[in-house]
Amino acid sequence: MLRALNAIRRTAQIVLVDQEGGRLGERAFKRTFMRVNDDKADLAKVASRVFVWGPLQAQWVQELGLVRKERVVVTGSPRFDPYLVQEPRPSSNGKYIGVTLKGDAVTSLPLRFMEHVFSYASADPRDWVSVGYPRHAQHEDRIWHVVAGIRHMFKILIEVSRRTGRPIVIRPGPWEQPGMYQFLKRYLPRVSIEATLPQSTYVRNAVATLDEISSLGLEALLVNVPVISIQALIPRLAEHVGGEDAALFTAPYQQAYWRPKTVEEAVDYVLQADQGQLAATPRPDLLQAYLRDYHGWPRTRPSSFQMGDVILELLDQSKGTSSRADGVSEKAHEADGSQRPITGMPSRNVLSGHDQPPRERPRQPNPVYRYVPGTVAVPTARLLWRCAFARDREHLRKYHYLDWLYPHHEAVSRTFAALVA
């Protein structure tokens, strides 16, 4: 793989963008470069630039010895860019209790559940089931984690529904099938399922969000919305996902969330937030340090624009040896988000990064599409056919695959225009 990347490098610039940005801490960040059958370490070695979110990740990637200091650029987190735009908050009557779920491992492709068990049975024993879990954890521990967390979330929802008339908005994870939660509306009439609501809209319009340890809670804290984590009230959680290298269990930002130890205490927190009597975080000092060190926040310049500037400057470099990548101006390395003339911006702004759905066997591209005119329409037709008739059709009817199904293009365009301004 390294030989192939070096060959590409002679005619192209390679930029490594870390989707999750080491948000779970040093051990999780470093082992993403060392996973079995993963090319991330080789990519870092040949990359013209490696984008990291905060100064701590810049330090860690250099400690790995994969990339020289001058090729590491601290950009901040692009998923925080929308929060540079001031938007009006709705009145109290228009707000809701947000419920952030992450049941992908169970709900993404339920008809292929056993096939996924089979795929993990054949996984390399040296690898992790996920970098957020300790090395000893297996696929069944992740399933246990999902079911235990959502069961306790439901317990809280049942009690909250009895004690307040506030609407409740369920936000499934990005790869979940939201239809699997539709049954809740039969039992809890004030519940709605919102799978495509923009993240910034979801957190801004909430009086509080119920969560476990999702990083979406960090976005809620950016707009002073309390986050109530259920992690501390799940019995025996440490047996399944705990331990020294358990990144999800020991996430460095977890103490910035409210962490009730019982269902009753969690309900009390929700009711306090409903009355505007709960602070956004019990640890503002910890939150401020975490956002600064891990996400380069606060900043005045959008992270995605800074990334775009660096990419455009790389493209402007004359073709030649790989050393040309070191010629990018020092201004591109500024980590404080200082204002400088916009020389360019990405054509598509990526506002968030998420885990991928359960692993599937890779499909090789069909070379016919490259040489026979008109055959590029075949993959699209095949996808549309599967959306209509396949067993997993609900999973495929998502804007991840069919952009025209996304209902919030206008709102996202307004945010982007405001960032440009």
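A salt bridge is a side-chain nitrogen of Lys or Arg within 4 Å of a carboxyl oxygen of Asp or Glu. The model is predicted, so local features need pLDDT of at least 70 and side-chain atom pairs count only at pLDDT 80 or more, while totals for chains, interfaces and linings use all residues. Residues are numbered from 1 along each chain as its sequence is written, and side-chain values use heavy atoms, with hydrogens and water left out.

**Exercise 1.** State how many salt bridges the rule gives, and describe the network that includes Glu26.

Solution.
- Step 1: the count is 19 salt bridges.
- Step 2: a network of salt bridges links Glu26, Lys30 and Glu63.
- Step 3: within this network, Lys30 and Glu26 pair with N and O 2.8 Å apart.
- Step 4: Lys30 and Glu26 are four residues apart in helix H2 (residues 26-31), about one helical turn. Helices (H or I, at least four residues) and strands (E, at least two) are DSSP runs, numbered from the N terminus.

**Exercise 2.** Find the partner of Arg79 and say which parts the pair ties together.

Solution.
- Step 1: Arg79 forms a salt bridge with Glu219, with closest N and O atoms 2.6 Å apart.
- Step 2: Arg79 lies in the loop between strand S3 (72-74) and strand S4 (96-100), and Glu219 in helix H10 (residues 216-222), so the pair ties together parts 140 residues apart in sequence.

**Exercise 3.** Decide whether Arg301, Asp309 and Glu26 are buried, partly exposed or exposed.

Solution.
- Step 1: buried means under 20% relative accessible area, exposed over 50%, partly exposed in between (1.4 Å probe, protein chains only).
- Step 2: Arg301 has 3% and is buried; Asp309 has 0% and is buried.
- Step 3: Glu26 has 36% and is partly exposed.
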